[in-house]
Amino acid sequence: MVILTLNCGSSSVKYQLFNWDTQDVLAVGGVEKVTQGESFIKHRAMGRDEYTASHDCPTHTDAVDLIVKTLTDPRAGVLKDMSVIKAVGHRVVHGGDKFTKSVIVDDAAMKAFNEMKEMSPLHNPANIMGIEAAKKILPDVPHCAIMDTAWHQTMPPSSYLYAVPWEWYEKYQVRRYGFHGTSFLYTAKRAAVLLGKDPFKTNLIICHLGNGSSVNAVKNGVSFDTSMGISPLEGLVMGTRSGDMDPALPFYVMRKTGMSAQEVESALNKKSGLLGLTGGLTDRRDIEAAVQKGDKRAELAQDIEAHRVKKYIGAYWAALGSVDALVLTAGVGEFAWFMRKKILSGLEGIGIVFDENKNKTAMTRNAETLISKPESKIPVFIIPTDEELVMTEDTYALIAGTYDVHTNFIYTFQLRGYKNKGRAEGLKSDLVKNPGLKDIIALPK
């Protein structure tokens with residue numbers, strides 16, 4: 001059985017094609033600049049060089065159509081025709097409090113996703129357009145929705161409620177929802193395997209650090225608290241998002257500048273964070289290069305970002321009472337060793353002692369690594385996330401009738417003997433380039 005997963009953003013559509021029977025990733029890629037003009041696709045079939053082609057995609061339907069044509073292209077594709085695909089899994093950022101797990105998309109689900117548009121105006125509209133586009137092109141297969149928010153539905157009221165008028169919660173569902181759920185689910189299950197512990201007797205602090213970033217406190221294997229709120233704006237300093245701030249700040253700026261609420265919301269989501277602090281940079285590699293050239297604003301941006309992450313780690317250490325491991329994941333967590341150093345430095349007081357050489361060596365998406373020193377009371381793992389695999393497994397289980405909420409469901413990747421064939425193959429070349437990796441690979445206890 002072949003399963004296609006789609007992750008639709010406001011101007012992009014990422015995809016993965018997975019053969020469930022052989023447990024192989026057949027192809028991955030994405031269409032960029034959707035709706036913006038000068039669109040293009042980057043496509044990589046396993047074992048082949050990357051294929052790139054320009055093709056205007058004024059709508060998400062055009063983007064999904066381009067993906068279909070590329071997957072079946074005689075030269076670049078991997079399928080003879082689309083009849084091989086038996087299901088499609090879709091990422092949906094905001095499912096509100098209506099969903100505790102993934103679902104097969106029906107009219108009721110689409111209605112609920114549309115109701116969440118106001119809470120996630122940058123994400124849900126694009127997710128919905130992607131589902132509608134895919135259903136037009138692939139109308140005869142089941143479509144499944146995997147919600148970022150579902151993982152966090154185990155949070156207690158003391159974690160998810162805001163101290164605002166109670167009727168706001170009752171009438172408008174104002175509360176903390178949290179995001180990056182598929183990433184946290186995957187890394188929490190993998191951390192338990194590495195620790196050799198029952199996942200539901202495991203406490204973790206997981207930092208998903210990328211262009212969008214959040215921290216998750218996991219207590220006894222389920223989400224206990226998280227840094228993002230009613231929307232993905234709250235919490236850490238991100239690529240273009242401000243993260244935590246005084247709620248009075250937007251009103252002050254509106255009075256001073258005459259900006260509308262919509263304009264301020266856009267500025268906080270799209271023009272703030274590292275972009276706002278540096279004056280135009282969001283990629284941590286570019287920021288680090290600027291730091292090395294003496295750019296003080298770039299250095300300050302790094303310090304502010306690291307300080308915010310450090311505060312959340314400390315807060316969740318206190319909230320959990322005991323922590324079995326600290327996990328770093330996503331693009332920055334997996335590769336920006338210089339940011340990891342800033343974040344982890346000075347945490348010895350709570351039992352976190354990292355090794356600088358191990359930290360610099362841990363640069364791979366193909367293996368889980370341990371970068372803490374032996375004397376560290378809390379081990380520090382770098383666990384490359386695999387959100388696409390969670391989406392694929394949920395989709396397969398939904399159409400097979402075996403799926404349930406994660407506390408009652410066993411994923412392949414939470415089994416001790418699990419191996420990702422694609423990553424295992426990629427690790428071989430990584431070890432040639434970086435032989436020191438072999439000494440820090442984390443193995444199950």
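Student: Is the crossing of H11 and H13 left-handed or right-handed?

Tutor: Please note that this is a predicted model. In it, H11 passes H13 in a right-handed crossing.

Student: At what angle do the axes of H11 and H13 cross?

Tutor: The axes of H11 (residues 296-320) and H13 (residues 337-344) cross at roughly 50° and come within 8 Å. That angle makes H11 oblique to H13.

Student: Which residues meet there?

Tutor: From H11, the residues are Gln302, Asp303, Glu305, Ala306, Val309, Lys310 and Ile313. They meet Phe338, Met339, Lys342, Ile343 and Leu344 of H13.

Student: How do the residues of that contact divide into nonpolar, polar and charged?

Tutor: In the contact of H11 with H13, seven residues are nonpolar, one is polar and four are charged.

Student: Now a different helix. Where is Asn124 found?

Tutor: Asn124 belongs to helix H3, which covers residues 124-137.

Student: Is Asn124 buried or exposed?

Tutor: Asn124 has a relative accessible area of 0%, so it is buried, the cut-off being under 20%.

Student: And what does Asn124 touch?

Tutor: Leaving aside residues up to four places away in sequence, Asn124 touches Val92, Val93, His94, Phe113, Met116 and Lys117.

Student: On to the strands. Why is E6 described as largely enclosed?

Tutor: Strand E6 (residues 85-92) has eight residues, and seven of them are buried, so the rest of the structure largely encloses this strand.

Student: In which sense does E6 pair with E1, and in which sense with E8?

Tutor: E1 (residues 2-8) pairs with E6 in the parallel sense, over five bridges. E6 and E8 (residues 143-147) also pair in the parallel sense, over five bridges.

Student: Which residues stand opposite each other in those pairings?

Tutor: Ile3 stands opposite Ala87 in E6. On the E8 side, Arg91 has Ile146 as its bridge partner.

Student: What about E2 and E3: parallel or antiparallel?

Tutor: E2 (residues 12-19) and E3 (residues 24-32) run antiparallel and are joined by eight bridges. Within this pairing, Asn19 stands opposite Asp24 in E3.

Student: How many residues lie between E2 and E3?

Tutor: Four residues lie between these strands, which form a hairpin. In the turn, Gln23 has a positive phi of about 60°.

Student: And how many bridges join E3 to E4?

Tutor: Six bridges join E3 to E4 (residues 40-45), and these strands run antiparallel. Here Val31 stands opposite Ile41 in E4.

Methods:
Residues numbered from 1 in each chain as written. Predicted model: local features only at pLDDT ≥ 70, side-chain atom pairs only at ≥ 80, totals over all residues. Heavy atoms only, no water. Pairing = 2+ DSSP bridges. Helix = DSSP H or I, 4+ residues; strand = E, 2+ residues; numbered from the N terminus. Buried < 20%, exposed > 50% of the residue type's maximum accessible area, 1.4 Å probe, protein only. Contact = heavy atoms within 4.5 Å. Axes fitted to C-alpha atoms, helices over the stretch in contact; angles between N-to-C directions. Parallel < 35°, antiparallel > 145°, perpendicular 65-115°, else oblique. Left-handed = near helix turned anticlockwise from the far one by under 90°. Nonpolar A, V, L, I, M, F, W, Y, C, P; charged D, E, K, R; others polar.
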